[in-house]
Amino acid sequence: MAPELPGLGVHNVIVGLPDLDADELVPACEVLSQEGFKVWTVSPGQAAQLPGLLRVYRRRARIGVHGVTTPDQVRAAADAGASFVTANFLLPELVGVVPELPVVLGGMTPSELRAGMDAGAAAVQLVPSEAFGTSYLRVLPSLLAPIPVIQAGRVERYQAELWLEAGGLGVFPRDILGPEAVLGDNLDDLRVTLQHWRLGD
């Protein structure tokens, strides 16, 4: 049985953190936490920043690694304390590398997404979701039910709402949090962006 993916929080949104040092990310992560966004990811190259973030947020957030492509990256993520990993592709060889670590596999077609679950993934993600029209996004979650499917890519808020209404597990919008939002003079713009993404409010 696949390990369970952490709950995606009240907004059902995964937030990818930019490639910055942990101490640069902490103020933005505080805003994320205050606004109810509790599931974050870093890139494989930033896995070394996880221990620093977890020292502050271990009880308040679940942090994973997105975009893994190799078993070594999965092991490195687990060693750094990641709660889960995601892949943009259907890579069954990543499942079970660290048996207790949830793996989310990617795909574009219903058959690929089904194959990801059959391989033992904790969930699957439609990548890149912007390649598909609204009609596809409306029907895919129900077509694959009860498979848990995440919408990942350049997602508009209205598309995310349609996805969740159709039964999707959650959304992983790319570039919701860029370096400029983290390193600016203040975090007001970041807070406005996050409030826009408070799905379900």
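Modeller: Contact here means heavy atoms within 4.5 Å. This is a predicted model, where local features need pLDDT of at least 70, side-chain atom pairs count only at pLDDT 80 or more, and totals for chains, interfaces and linings use all residues. Residues are numbered from 1 along each chain as its sequence is written, and side-chain values use heavy atoms, with hydrogens and water left out.

Colleague: Happy with that! Which residues does Leu 177 touch?

Modeller: Leaving aside residues up to four places away in sequence, Leu 177 touches Val 15, Gly 16, Leu 17, Pro 18, Leu 32, Val 182 and Leu 190.

Colleague: Why is Gln 34 called partly exposed?

Modeller: Buried means under 20% relative accessible area and exposed over 50%, with partly exposed in between (1.4 Å probe, protein chains only). Gln 34 has 47% relative accessibility, so Gln 34 counts as partly exposed.

Colleague: And what makes the link between the side chains of Gln 34 and Arg 191 a polar contact?

Modeller: The term needs a pair of N or O atoms within 3.5 Å; within protein, one must be able to donate a hydrogen and the other to accept it, and residues adjacent in sequence count only if both atoms are side-chain atoms. The two side chains make their polar contact at 2.7 Å, while Gln 34 and Arg 191 are 157 residues apart along the chain. Their C-alpha atoms are separated by 9.3 Å.

Colleague: How do you know that strand 2 and strand 3 pair?

Modeller: Strands (E, at least two residues) are DSSP runs, numbered from the N terminus. Two strands pair if DSSP finds at least two bridges between them; strand 2 (residues 39-42) and strand 3 (residues 62-65) have 4, in the parallel sense. Thr 41, for one, has Gly 64 in strand 3 as its bridge partner.
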